[in-house]
Amino acid sequence: MSGFDELGLSKKLLSAVEEEGYTNPTPVQEQSIPPLLAGRDVLGVAQTGTGKTAAFALPVLQIMSRSRPQGKRMIRALVLSPTRELAAQINERFSAYGENLDLRHRVIFGGVSQKPQVRDLQRGLDILIATPGRLLDLINQRYIDISKVEFFVLDEADRMLDMGFIRDIEKVLKLLPNRRQNLLFSATMPASIAKLAGSFLKNAVMVDVSPKEVTVDRIAQKIMFIRKADKRRLLVNIIKDEKVRRGIVFTRTKHGANRLVKQLDQSGIDAAAIHGNKSQGARTKALKGFKDGDIPILVATDIASRGIDVDGITHVFNYDLPNEPESYVHRIGRTARAGKSGIAYGFCDDSESGFLVGIQKLIGMEIPVDETHQFHFAGAIPKPGQRPGTIKSLKGSNKPNRNQSNRQGNRNPRRNTSGNNRGQSNSSGNNRGQSNRSSRNNNSRRDHR
Ligand code: AMP
């Protein structure tokens, strides 16, 4: 693998990369940076955790720093992210990589006051990282002008569509100037993304980093069969026995996450919940406590956790097995980031054995079973020939999520509660196709996260 200095990056960026402690570019960086520096559009099939942020941020920073138009700063790079957490992380990465450059960047998202955002916009920015809703709000209020954008980055495009942002994206595309460089990153490449990519990328270089390669291989996985009622005690035992200092526990519902935090607290374990019903302030606080090492355990639902990038997560607990197989891959990918290894425990009760069948089918392997724990329950083991699980009605709050589900509910009225087509055999043998199918069936379940 070539080093960073062979990619054509400037000295200032090389020293920023060195300061971050990166020695070698990741595959997505190696393959994206040279064509981007050469002015090409890039279509990247890569998920968060592969180093894709640097793959687009470094060349964008480099080209932008070559010359700056006279006068007030104008937004010349626009990065769209589906979630606030991912947007904030991208912004943080721009701070790290661009610290030696005279380029101003900022993140804007909903759920917080727009005043400080407007103030910074009025002072002038070169790079704007935004979630679609707040971006369009501020464009409508004429605080943002994207007519001078030279770089447009659409990050986690599959999640964007999944969350019902397609119309927002189309509106943004209409407001961009014709002459610009485009980058689209997506963890999966279903037909809907290929179509979207085709609508605005020009002669793009395709960079494909399979999610399986980057997540599953370095992660030790264990399945523990157990009764639902015993899960909490097993979790507490493992956290204590293995002295977990940084672990994420995934629950299916927001209510379940809140309840578990209380229960862990009663067992003397500090934990914080992060999910879509929490205010932005609470989410930021929980994440900060977790990142700083003050809170060892984060209890999360899928949608809030997507894209969370915290170094050094050693344990991922699938306290509830996900009913969408590809969520399992995303969840366990929270550990084993940037070359490190980690362990992922899955607690499977008798209502979840079908989900396990679907997960194993997707990842193409049987997850090793740990029967040595005191709560082992053979009744949860999938029966021979058992089919991938179907989506059961889920308990939990039905209140729409103030931030995300509202949008989804309004804009994406499709309903599908069967979920039966998940995990059916995919003739191409390509698990991206399956991810796509299952994500299309998500709409009826999202309020629970
Ligand atoms: P991303 O996929 O952009 O969210 O990056 C995932 C993590 O990998 C971040 O914590 C980055 O700081 C880290 N990272 C990015 N590039 C490299 C690299 N070349 N070597 C080591 N770590 C990296």
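This report describes the fold, the central sheet, the nonpolar cores and a few individual residues of a predicted protein model.

Residues are numbered from 1 along each chain as its sequence is written. Because the model is predicted, local features are described only where pLDDT is at least 70 and side-chain atom pairs only at pLDDT 80 or more, whereas totals for chains, interfaces and linings use all residues.

**Confidence and overall content**

The mean pLDDT, the predictor's confidence in each residue from 0 to 100, is 83 for the protein, and 82% of its residues reach 70 or more. Over residues 391–449 the pLDDT is below 50, although this stretch has 103 contacts in the model beyond near neighbours in sequence; a contact here is a pair of residues whose C-beta atoms, placed from the backbone, lie within 7 Å. Where pLDDT is low, the predicted coordinates should not be read in detail.

The secondary structure comes to 18 helices and 13 strands, taken as DSSP runs numbered from the N terminus (helices H or I of at least four residues, strands E of at least two). Of the 449 residues, 50% count as buried, that is, with 20 or more other C-beta atoms within 10 Å of their own, while 12 or fewer make a residue exposed and values in between partly exposed, with C-beta atoms placed from the backbone. Among contacts with a separation of 6 or more, 79% join residues 24 or more positions apart.

Seven strands form an open sheet in the order 3-4-2-5-6-1-7, with parallel pairing, two strands being paired if DSSP finds at least two bridges between them. Strand 3 (105–108) and strand 7 (205–208) each have a single partner strand, so one side of each is left without a neighbour in the sheet.

| Strand pair | Bridges | Facing residues |
|---|---|---|
| Strand 2 (77–80) and strand 4 (127–130) | four | Leu 80 and Ala 130 |
| Strand 2 and strand 5 | four | Val 79 and Val 153 |
| Strand 5 and strand 6 (181–186) | four | Leu 154 and Leu 184 |

In a regular strand the side chains alternate between the two faces of the sheet. Both faces of strand 5 (residues 151–154) are covered, with Phe 151 and Val 153 buried on one side and Phe 152 and Leu 154 buried on the other.

**Nonpolar cores**

A nonpolar core is a set of buried Ala, Val, Leu, Ile, Met, Phe, Trp, Tyr and Cys residues joined through C-beta atoms within 7 Å. In the largest one, which has 63 residues, Leu 78 and Ile 129 touch the most other members, and helix 3 (residues 52–66) gives the most to this core, with eight residues. Leaving aside neighbours within four places in sequence, Ile 129 is in contact with residues including Val 79, Ala 87, Ile 90, Phe 94 and Val 107. A second, separate core of 45 residues includes Val 261, Ala 273, Val 299 and Tyr 319.

**Two partly exposed residues**

Asp 309 lies in the loop between helix 14 (302–305) and strand 12 (315–318), and is partly exposed, with 19 other C-beta atoms within 10 Å. The C-alpha atoms of Asp 309 and Gln 89 are separated by 7.4 Å, although these residues are 220 apart along the chain. Ser 10, in the segment before helix 1 (11–19), is likewise partly exposed, with 17 other C-beta atoms within 10 Å. From C-alpha to C-alpha, Ser 10 and Pro 59 are 9.4 Å apart in space and 49 residues apart in sequence.

Definitions and conventions
Two residues are in contact if their C-beta atoms, placed from the backbone, lie within 7 Å.
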